[in-house]
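I am opening a notebook on a structure that is new to me, and I mean to write down what I looked up, one topic at a time.

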Amino acid sequence: MEDDNSTEQNPAAQAGIFTMISNDVVIGLDDSANSHHALSWACKQRPTRVHAVNAVPPATELWFPARQVDSRLTLDIRRQNLDQLCNSVRLTSDIRINGHLSDQEPARALVERSHAEGGCPIVVGHKGHSSPHRHHAGHITAELLRNSDVPVVVVPMVASLEPLNGTIALCAHGATTIDHPDVAWAIELATAHDLNLHLVDVVEPIPVGLGADYGYGTVTIPTADQLLASRSESLAALSGQIEASHPSLTVRRSVESGHPSIQLARVINDLAPSLVVIGNHHHSKLLSFLTSAVTTHLLTSLACPIAAIPIPK
């Protein structure tokens with residue numbers, strides 16, 4: 001086990017697209033059941049190596065003086081617990097796992113560890129549907145979704161502990177070519193795991209009031225049917241590109257009309273995929289508070305893991 005964010009480079013890691021079948025993965029690990037569940041799920045995907053990161057800023061250990069726990073003793077307990085978890089993985093599988101202790105903020109520690117290993121995906125657990133965590137992402141997950149420049153996979157407690165199988169769903173809103181980061185990542189993952197790929201999009205109708213005459217001529221606003229037809233055509237073109245470049249990959253698609261968060265959750269739950277891939281556009285804290293982020297809504301509404309792929313600005 002290593003302390004203080006070792007920077008040893010992994011020769012197997014490469015810049016670009018990453019799949020958990022052939023590269024490393026970073027796990028956010030603490031004493032919570034959801035982080036242990038995420039570790040079990042990640043190990044089922046047969047990564048080359050797992051980097052288990054336990055990060056607690058020093059100040060956090062001092063918020064509860066009544067405990068009278070020396071910070072050095074706390075560090076020793078964390079090291080012991082992390083060693084035990086890593087050893088349990090080694091005893092039950094042939095997966096290489098390294099433990100890393102950090103005194104940084106957890107989200108920052110996870111991203112820096114990912115960078116040290118070539119930009120491999122970060123996997124974190126999430127309590128999911130259970131109250132009182134039903135309607136928010138959690139502090140560490142929210143920070144990662146706002147700031148991470150590497151893929152983040154959020155695993156809910158209800159996720160099945162099985163290797164990826166069957167179908168993965170791609171929320172393809174705004175994607176028009178196979179070079180789009182989330183599309184490329186989904187294709188790579190589906191090809192590596194011999195999975196089907198289902199493209200999903202939702203068109204939100206424009207309020208009719210926007211088409212009123214304000215004295216400068218009536219603005220023509222597309223109807224819901226026109227928007228649906230236009231996006232269906234675009235998604236069909238994207239599906240065609242994928243099939244042309246990857247003939248062995250089975251691609252299906254669905255386009256619905258309605259509120260994006262609600263309709264996507266409904267469609268994806270009906271599909272029951274083993275993983276959902278979605279593009280992650282970084283937002284500030286204020287914008288994240290003012291808007292209902294689709295990714296945040298989905299990770300509190302779905303029973304399968306979600307891979308949030310960063311989209312460059």
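**Helix α7 and what follows.** I looked up the backbone just after α7 and found that A272 takes a positive phi of about 55 degrees; I keep in mind throughout that this is a predicted model.

Next I asked which residues of α7 are buried. I noted P260, S261, Q263, L264, A265, V267 and I268. Their cover includes the strands β7 (167-171), β8 (196-203), β9 and β10 (275-280), together with the helix α9 (294-299).

Is V255 buried or exposed? Its relative accessibility is 18%, and the cut-off for buried is under 20%, so V255 counts as buried. Leaving aside neighbours within four places in sequence, I listed D201, V203, L228, R231, S232 and L235 as the residues in contact with V255. I also looked up A236, which lies 19 residues from V255 along the chain, and the C-alpha atoms of the two are separated by 10.0 Å.

**Helix α1.** I repeated the length check on α1, residues 33-44, where twelve residues at 1.5 Å each should span 16 Å; the end C-alpha atoms are 17 Å apart, which agrees. The buried residues I recorded in α1 are N34, S35, H37, A38, L39, W41, A42 and C43. Just after α1, R46 takes a positive phi of about 60 degrees.

**Strands β3 and β4.** I then followed strand β3, residues 49-55, which runs parallel to β4 and is joined to β4 by seven bridges. For V53, the bridge partner in β4 is H100. Five of the seven residues of β4, residues 96-102, are buried, so I describe this strand as largely enclosed by the rest of the structure.

**The chain as a whole.** Finally I stepped back to the totals and wrote down nine helices and eleven strands for the protein chain. Of its 313 residues, 46% count as buried. The chain exposes about 15500 Å², of which carbon and sulfur atoms supply 55%. Among contacts with a separation of 6 or more, residues 24 or more positions apart account for 81%.

Methods. Residues are numbered from 1 along each chain as its sequence is written. This is a predicted model: local features need pLDDT of at least 70, side-chain atom pairs count only at pLDDT 80 or more; totals for chains, interfaces and linings use all residues. Side-chain values use heavy atoms; hydrogens and water are left out. Buried means under 20% relative accessible area, exposed over 50%, partly exposed in between (1.4 Å probe, protein chains only). Helices (H or I, at least four residues) and strands (E, at least two) are DSSP runs, numbered from the N terminus. Two strands pair if DSSP finds at least two bridges between them. Contact means heavy atoms within 4.5 Å. Accessible areas come from the Shrake-Rupley method with a 1.4 Å probe; for residues, only the protein chains shown count as cover. The expected span of a helix is 1.5 Å times one less than its number of residues.
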